[in-house]
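Here are a few notes to go with your first look at this one. Have the model open while you read.

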Amino acid sequence: MDRRALRKRLLYAYAGTFAAFCSLLFWPAGTVLYWQAWLYIAVFLGMGLAVSLVVLRDDPALLAGRLTLTPLAEPDPAQKIIQCCASVLFVAMMILCGARRPSAARGTSLARQFARLRRILQKSALAAAAVYLVTAAGALSRTPSG
């Protein structure tokens, strides 16, 4: 298979994967205003595409074989079972992530999200400063052992 046809198959495979990810994450969430899902899709597909393009450049035969591979195409029966279970669990994970999206994705305004983040960071900064002071005071009050 030539590189041009392989590149076209790769594009179709990623378009299908993008559509599947969108339906698995946004349909249970009930909205496309779910930035965490968009970030997940971008990172997952972006890194996968980067690796696929390197493999296309270096070993097109390997990429052609990987594009045709499905869980049921595994030669070993144990591998078929493992791959099928992994696929089902991956799909279930994506559906659950969409169904259990954070409350920020359910209509909380962006300003409220940033205000909450600021409060959390202030509390954690105060806690970190208190731990540092207690540690420093303990270190200063110790006498060197000889």
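Which residue forms a salt bridge with Asp58? Before getting to that, two words on the ground rules. This is a predicted model, in which local features need pLDDT of at least 70 and side-chain atom pairs count only at pLDDT 80 or more, while totals for chains, interfaces and linings use all residues. Residues are numbered from 1 along each chain as its sequence is written, and side-chain values use heavy atoms, with hydrogens and water left out.

1. The partner is Arg57, and the closest N and O atoms of the pair are 3.0 Å apart. A salt bridge here is a side-chain nitrogen of Lys or Arg within 4 Å of a carboxyl oxygen of Asp or Glu. Searching the whole structure turns up 1 salt bridge. Asp58 and Arg57 are both exposed (over 50% relative accessible area; buried is under 20%, and partly exposed is in between, using a 1.4 Å probe and protein chains only).

2. Now look at the core. The largest nonpolar core has 17 residues, and Phe26 and Ile41 touch the most other members. Helix 1, helix 2 (35-58) and helix 3 (60-68) are the elements that give two or more residues to this core. Helix 1 gives the most, with 9 residues. A core of this kind is a set of buried Ala, Val, Leu, Ile, Met, Phe, Trp, Tyr and Cys residues joined through side-chain atoms within 4.5 Å; helices are DSSP runs (H or I) of at least four residues, numbered from the N terminus.

3. Patch residues have over 30% relative accessible area and no salt bridge, with nonpolar side chains (Val, Leu, Ile, Met, Phe, Trp, Tyr) joined within 5 Å and like charges within 9 Å. Phe18 sits in helix 1 and counts as partly exposed because its relative accessible area is 36%.

4. There is a positive patch too, formed by Arg3, Arg4, Arg7 and Lys8. Lys8 belongs to helix 1 (residues 3-29), and its relative accessibility is 47%, so Lys8 is partly exposed. Arg7 is also in helix 1; at 46%, Arg7 is partly exposed as well. Arg7 and Leu53 are 46 residues apart in sequence, with 8.5 Å between their C-alpha atoms.

5. Last, check Cys85 in helix 4 (residues 77-99). With a relative accessible area of 44%, Cys85 is partly exposed. Its C-alpha lies 9.2 Å from that of Pro71, 14 residues away along the chain.

Technical notes: Accessible areas come from the Shrake-Rupley method with a 1.4 Å probe; for residues, only the protein chains shown count as cover. Lys and Arg count as positive and Asp and Glu as negative; His and the chain ends are not counted. The place of a charge is taken as NZ of Lys, CZ of Arg, CG of Asp or CD of Glu.
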